[in-house]
Amino acid sequence: MLTRFVKLWMAGLFTLGLMSFPAQAAEHGSANEAKAMVQKAIDAMKKHGVEATVAEINKRDGQYQDRDLYVVVYDMSGKNLAHLNPKMVGKEMFDLTDIDGKFFIRERIELVKAKGKAWQDYKFINPTTKQIEPKSMYVEKFENVIVGCGIYK
């Protein structure tokens with residue numbers, strides 16, 4: 001009797017685990033979704049201009065935010081033009097470092113100057129967990145701005 005109960009209980013846990021897995025995965029954006037968000041922002045910049053698109057990106061709960069994905073925009077000197085956190089908008093970020101001391105904005109600028117687009121790894125605060133986590137940011141240069149969207153690992 002106990003064995004049958006344990007088997008049913010374990011089967012139930014297994015089923016619940018499988019059923020909740022897609023929901024957990026859906027909470028986080030994927031690399032392809034991050035690249036698509038960057039492309040969406042660049043397409044809007046081509047159509048409506050950089051300034052109008054930056055204003056749209058800076059709207060809370062707008063079309064450039066999805067779960068833990070959000071678009072950021074910097075000028076080529078490292079000034080933040082658009083970010084999920086409004087306190088970062090307008091700030092000079094060239095000397096900003098992550099928790100490991102990595103100058104990730106400097107690196108981002110160099111990557112887009114050299115390659116036009118790239119993936120970059122660093123650590124940053126996840127807006128959904130409020131914890132510092134490893135992050136990969138996809139960045140692409142458009143005119144004189146850097147457009148990026150990252151995924152938390």
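**A friendly note on rings and a pocket**

1. Let's start with a charge and a ring: Lys 40 sits over the face of Tyr 64, 5.4 Å from the ring centre. Please keep in mind as you look around that this is a predicted model. There is another such contact to find, where Arg 106 lies over the face of Phe 103, at 3.9 Å from the ring centre.

2. Now for rings that meet other rings. A pair of aromatic rings is described by the distance of the centres and the angle of the planes. How many aromatic pairs does a search of the whole structure find? The search gives four. One of them joins Phe 104 and Tyr 122, and this pair is stacked, with 4.4 Å centre to centre and 10 degrees between the planes. Phe 104 belongs to helix α4 (residues 104-115) and Tyr 122 to strand β4, so their pair ties together parts that are 18 residues apart in sequence.

3. Tyr 122 also forms an edge-to-face pair with Phe 124, at 6.1 Å centre to centre and 65 degrees between the planes.

4. Finally, have a look at the largest pocket, with a volume of about 360 Å³. Its lining has 17 residues, and the closest to the pocket centre are His 83, Asn 85, Met 88, Phe 124 and Ile 125. Strand β4 (residues 117-125) gives the most to this lining, with three residues. By class, the lining holds ten nonpolar, three polar and four charged residues.

Technical notes. Residues numbered from 1 in each chain as written. Predicted model: local features only at pLDDT ≥ 70, side-chain atom pairs only at ≥ 80, totals over all residues. Heavy atoms only, no water. 1 Å grid on protein atoms, 1.4 Å probe; cavity = no way out; pocket = protein on both sides within 12 Å on 5 of 7 lines; lining within 4 Å. Points joined across faces, edges and corners; volume = space filled by probe spheres on them. Helix = DSSP H or I, 4+ residues; strand = E, 2+ residues; numbered from the N terminus. Nonpolar A, V, L, I, M, F, W, Y, C, P; charged D, E, K, R; others polar. Phe/Tyr/Trp six-rings, centres within 6.5 Å; stacked < 30°, edge-to-face > 60°. Lys NZ or Arg CZ within 6 Å of the ring centre and 35° of its normal.
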